[in-house]
Amino acid sequence: MTGRRVAVLLALALVSPGMAALATAPGPHAAAAQGTTTESAGQTAAQPDVQFRLVSTASNVPVDGSGNLSLTFVNAGDAVTDASVFVASPNDSVRFGPARNATRLVGPWGSGERRTVKFRLVAEEFAETRSYPFRAVVAYTAANGSRVRTRPFTFGVRPSERILLDRFEVTAISSTVQAGETGTISVTVENTGADVDDAVVTLQSRSSSIRFGRRRNATRFVGEWPSNEDVTFEFEATASNDTVVASYPFNIDVSYSEDGTRNRTRLETFGVIPDPEQSFALGNVTSTLRVDDEGRVTGTVFNAGPGPAREAVLVLRARTASVRPEETRYPLGTIPAGERRSFRFDADVSNATSAGPREFAFRVVYRDEEGRRTASDPLLATVRVGGEREPFVVEPVASSFTVDESGTLRVEITNDAGRRLSNVTARLQVAEPLTSDDPSAYVGALSPGESRGVAFELTVEEEAIPGRQPATVVLTYETPDGERRVAGPYQVAVRVKREQGPGFPVVATVAVVAALFAGAGWWWWRGR
């Protein structure tokens, strides 16, 4: 094994523990997915299915310059959360700025969804124009909560020759252009010769996918250009909707004046890699919606990048008339790439519908890096509407009476609505042989799950038949938005018992008293 191969193995081992030894480097655009591993209790176990595939790579870094690396993966398995992509370079010749590894957070990743991650690359002046074997690993949280990482994907990065324009050199290439949007192509050029005047840089797109407005050419005037000075040129460009993440060819040349003579460099070609389309993902979408009740839909919006979303607003569209949101716009503020924001929509569900899943569509409306107002593709979420549920539970506490008795009926009222209810009032409804002179009771406000006892005066008439007599309680209350509602009636069984007589029989009592008087009389008569 050569010294260079040993160095490569050692570098990869230090960058990512658990990576296998570096295999023979593939071609520039080759990629291999070799299954996944799960981390549990410090051990690694192979997964039976391949969760992700690396479907394309693109790079445009020149020797002694900087450029970009884009990797496109597809999730071939189930939806996952907290996904991130880790990449590692074999040596210092081609690296990610000052480091030989880099990480990009992806966040939620749906089943079948493609995601592109873009990295900034630097190639040193001693880099060779050959394929350098890079590696990438995708880490994510599976549905069962376990943290999983794929086995390494291998692919090649080949720096291009130095882009020399006779006496000028392109040293940096970058782009913020996204599919279907307008962005900026930045090119840094160094004057490697003598001072020049009246310099003009011309950039020409060789593809119809990326244009400068309606044209393929754009120019920038420099004027005086001293020797060894770097100048960065920015060109506003637009990518068509069908633009994919790849390296698109552009021609560049410089015209200038030197000693009164007008000169022009020969055309040189370099690649521009557009950014992936700005994307967002929903997470932790939950619902407390119920038929004939109010509830809320909550969740998070994750900005998967590549850029920040400024002044973002989440717009909701419920795809059913039975669900009526109180508001359809929720302000999110600025969401940097890789961060998430929480949202909440309150909604009312009609009683003319049934329980079951409903599809909601969300869009993120935001300002991009160029300040333009734009909207994301629809973000779909399935929200469940629960069955109709009574907002209270009413249970008897003291409900036993005897025939021809007046007393207090006590019941306990519990808030089972899952939200705070206020101005709760209870009214007792009875029929003969039960009557009530004071059938109303004020309960007040009840927090979710809170219980409170109330009392009603109740009379059982003398002609009542012992047994269970029906009574009902009707409750009126206010929802958090001030709507007055009625709940019930709730059944409360009143137990009527037979009227109890004296504790000792009257006839027996009279007989005993008579016997005592008789005995006393006989004793008095004998005493005489």
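This is a predicted model: local features need pLDDT of at least 70, side-chain atom pairs count only at pLDDT 80 or more; totals for chains, interfaces and linings use all residues.
Okay, so let me start with one cut-off: a residue counts as buried when its relative accessible area is under 20%.

Now, aromatic pairs. There are 19 of them in the structure. How do we describe one? In general, a pair of aromatic rings gets a distance between the centres and an angle between the planes.

Let's take Phe212 and Phe250. Their ring centres are 6.0 Å apart and the planes sit at 70°, so we call this pair edge-to-face. What I like here is that the pair links distant parts of the chain, with the two residues 38 apart. Phe212 is in the loop between strand S16 (210-211) and strand S17 (217-225), while Phe250 belongs to strand S19, residues 248-258. Buried or exposed, then, for Phe250? Buried, because its relative accessibility is 0%. Phe212 has 9%, so that one counts as buried as well.

Back to Phe343 and Phe345, because those two also form an aromatic pair, and this one is tilted: 5.9 Å from centre to centre, with 55° between the planes.

Then there's a cluster. Which residues does it contain? Phe52, Phe73, Trp109, Tyr140 and Phe153, linked through ring pairs.

Last one, and this time it's a charge and a ring. The charged end of Arg130 sits over the Tyr132 ring, 4.0 Å from the ring's centre.

Notes
Residues are numbered from 1 along each chain as its sequence is written. Side-chain values use heavy atoms; hydrogens and water are left out. Rings of Phe, Tyr and Trp (its six-membered ring) pair if their centres lie within 6.5 Å; planes under 30 degrees apart count as stacked, over 60 as edge-to-face and the rest as tilted. Helices (H or I, at least four residues) and strands (E, at least two) are DSSP runs, numbered from the N terminus. Buried means under 20% relative accessible area, exposed over 50%, partly exposed in between (1.4 Å probe, protein chains only). A charge sits over a ring if NZ of Lys or CZ of Arg is within 6 Å of the ring centre and within 35 degrees of the ring normal.
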